[in-house]
Every structure is written in C-alpha cells, then in structure tokens.
Amino acid sequence: MENDRFNYRQHVAFINRETELRDLRLFIDKEPSEILFIHGPKSSGKTTLLYKLFEQLEGEQKLDVKFLNLREISTEFSDDYNYRDFLHMLFSVKDKSDRKGKLSAGVNVGVFKIDSEIDRKIRERRVEPFKVMKQEFIRIRKKGIKPILIIDELQALDKIYMNNGRDRRLIIELFNFFVALTKESHLAHIIIASSDGYFIDRVYTDSKLKKTSKFYKIDYLAKKDVMEWLSNLEKYSRIKDYTLTGEDAEKIWDLVGGSMWEIQDILSDLFHSALDDIIRLYKRKMRSIIVDYVVQPEQKELEKILRRFADRDELSKEEINWEEEKLLRDMVRQNILYFDPTEARYYPQGKSFHHGIRLYFKDRS
C-alpha cells in the first residue's frame, strides 16, 4: 500500500484474514447472483479487510472495482441529507487528464465518471442515475471486464429520499437496483458492509432481500492471532522501540480481546506509557462511557438491562420483551452493544465495553 513508502514508528497491522479474503474471492469468482452483506461488531476489521481486498484486486486487468467508503465522505453531506448530496457522492464529470484504464481507489466523491452532458441531464431529472450506472456496468462488461461495486457503511444513506421528497427512500431504490444488477441481470458484484447491527437486521428480515442476499460476518481476531501479532510486533506493526512479554500480551487480550483498532491504540500508547497504567486508564474510560450513556431519564430501565451483561457474554432476543428491545436498539445505535441479526443475539461491543459495564455495577454494589 502507499503508506509502505514511509518510515513510521508504527504501521497498521493486517493479521490473518486469509480465510475471509479467500471467501470474498470465491464470491467474486462466481457469476453475480446475490448481494453480499458484510457485518460484524465495531472495530472488528471490516473496512481494513475491504481495503486489503481492493489492494489485491486493483492490479488485475479483468476487474473494474469501484470502492465507496461512506464513512469518509458522509461529512460532505448537508445536514438534511438530500438527493443532490447523493448525486455529488456518486458521479463526477470526467477530467480530460484522467488516464484511461487507470484503476483508482474510488474512495473519493464521484466513483462514476460521466461527461458534462449526462451530468446536466441527471441534475435536471431528465435521466435516472440508476440507468446511467447500469449502462456503465454494461459498457465495462462488453470490454470483457468484471465490474465490482463495494460500499462501506451504506446506512449513511438511510435518511436520504429521492427528489427531496418523502415518498421514495433512496436506500430502498438502491436495494431494488442492486437486486436487478445481481440476481436478475448478473451484471456486477455488489458488496455492502455495515457495523450498524439494526441496519443489517432490517435487511436480513426483509423477505425480498433475504432471498437475494448473502450475509457474511467479520468477527474480532481469535486469541491465537492476537498472541502471534503481539509476540512479533516488528513483523506485523514494524514497531522496533519495544517488545512485549507473554504476560503483557495476555493483559492486552484480557482488556480488548481481538479488537484490532483498540489493540493498535494500546500499542501507540506504549511508546510513552507503561502497560499497567494504560490498562487502568482504559478501564476507567470505558466505565465513563457507560456512565455517560446510562445517566438519562430511563436510567433505571437501562441499568436493569445492562446488569444482565455483568456476568454473561450475550443476550438472546428471545429473552427480552418489546419495551426492552426499544432500549437495546438504542444501545446498539450508540455502539454500547452489538446485535447479530443472523443469531438474534446482543453482545457488548467487545471486551473493553464488557469491562466498562462490569466496573459500573461493581462500583454501585
């Protein structure tokens, strides 16, 4: 990747996702027939995995990969998320200096390049953008190249309506379009990722999408992979300033488990702080997050639900009532909990949040 050109004291590690990369390649190597939804808890490495997949694919001559990371560009949306924002995100006018055949990362605004005339017709509502996208995929296929569209954090579009009205939700129209591209015309591979458990749940329980989609979970790293990483920091993170003992690695695992982002955050802190101090402050921070969330009018109800996670790792949807589910949904939206729709179970957002929940109730006992 481009960052490899620079000599940083710490690099972002990519740890043992061979199985996941192989499964994604198998999906791409078959004729398009379904949408692939990638889901998993926050900081499990979904986006990193997609970038790694893109890195592997972008050099292949028979593939045209368009990668849209909505986490990066959603800040460019207006406060009310309108249809013009969507068009700006998806289309840009061709620059004469663009080199034909050059595959770009596609994470910037305007992954579909169009000429000024088509751009004008789209913005005047004389041409449907989905038709333009379909024609682009047809053009690519006729050249003997397989088109692939990857969208990360698609739920960022959930509030946008077509034509600035309230009658046609953009995301529903997109799903209909994706079904047509995959199951019906077999034109392109569509891969969608989201860390929003309830967004994926809505998709999973939609009868039409359930029959036209495949759901693939990216979970936290297994302990053996974390221990391999932390025992070989120079190999995986290019850290030369310090090494970790087996006991140190166990402490980090106990604190954050296989959460890649949190492990890398701790490794960064180790350049200037002792591990035991980092762990103590980290647990206090996680407890503070729980306190900040719980202190609201529904505090007693929230405490009642969260207390059920103090001595257990998960909670089945079958064990809750409708009123409790409303509160649990908000916990998922606020990234306190993760909801796995394929198992219908709630989990704390990793070991660190579990520590925060336990400390909160320990201090109140």
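1. Basis. The model is predicted: local features need pLDDT of at least 70, side-chain atom pairs count only at pLDDT 80 or more, and totals for chains, interfaces and linings use all residues. Residues are numbered from 1 along each chain as its sequence is written, and side-chain values use heavy atoms, with hydrogens and water left out.

2. The open sheet. Five strands line up in the order E2-E5-E6-E1-E7. Their pairing is parallel. Strands (E, at least two residues) and helices (H or I, at least four) are DSSP runs, numbered from the N terminus. Two strands pair if DSSP finds at least two bridges between them. At the edges sit E2 (63-69) and E7 (213-217), each pairing on one side only. From one strand to the next, the twist averages 15°. Angles run from 0 to 180 degrees between N-to-C directions, and axes are lines fitted to C-alpha atoms, for helices over the stretch in contact.

3. E2 runs parallel to E5 (residues 146-152), and seven bridges join them. Here Lys-66 stands opposite Leu-149 of E5.

4. The helix on the sheet. H1 (residues 18-29) packs on the sheet. The helix touches E1 (35-39), E2, E5, E6 (189-194) and E7. Contact means heavy atoms within 4.5 Å. The direction of H1 makes about 145° with that of E6.

5. Strand E1. Five of the five residues of E1 are buried, so the strand is largely enclosed by the rest of the structure. Buried means under 20% relative accessible area; exposed is over 50%, and partly exposed lies in between (1.4 Å probe, protein chains only). Both faces are covered. Ile-35, Phe-37 and His-39 are buried on one side, and Leu-36 and Ile-38 on the other.

6. Neighbours of E1. Five bridges join E1 to E7, in parallel. Ile-38 has Tyr-216 of E7 as its bridge partner. Four bridges join E1 to E6, also in parallel. On that side, Leu-36 stands opposite Ile-191 of E6.

7. The antiparallel strands. E8 (residues 315-316) and E10 (residues 345-348) run antiparallel, with two bridges between them. Leu-315 is partnered by Tyr-346 of E10. E9 (residues 337-340) also pairs with E10 in the antiparallel sense, over four bridges. Tyr-338 stands opposite Tyr-347 of E10.

8. The hairpin. E9 and E10 form a hairpin with four residues between the strands. In this hairpin, Ala-344 takes a positive phi near 55°.
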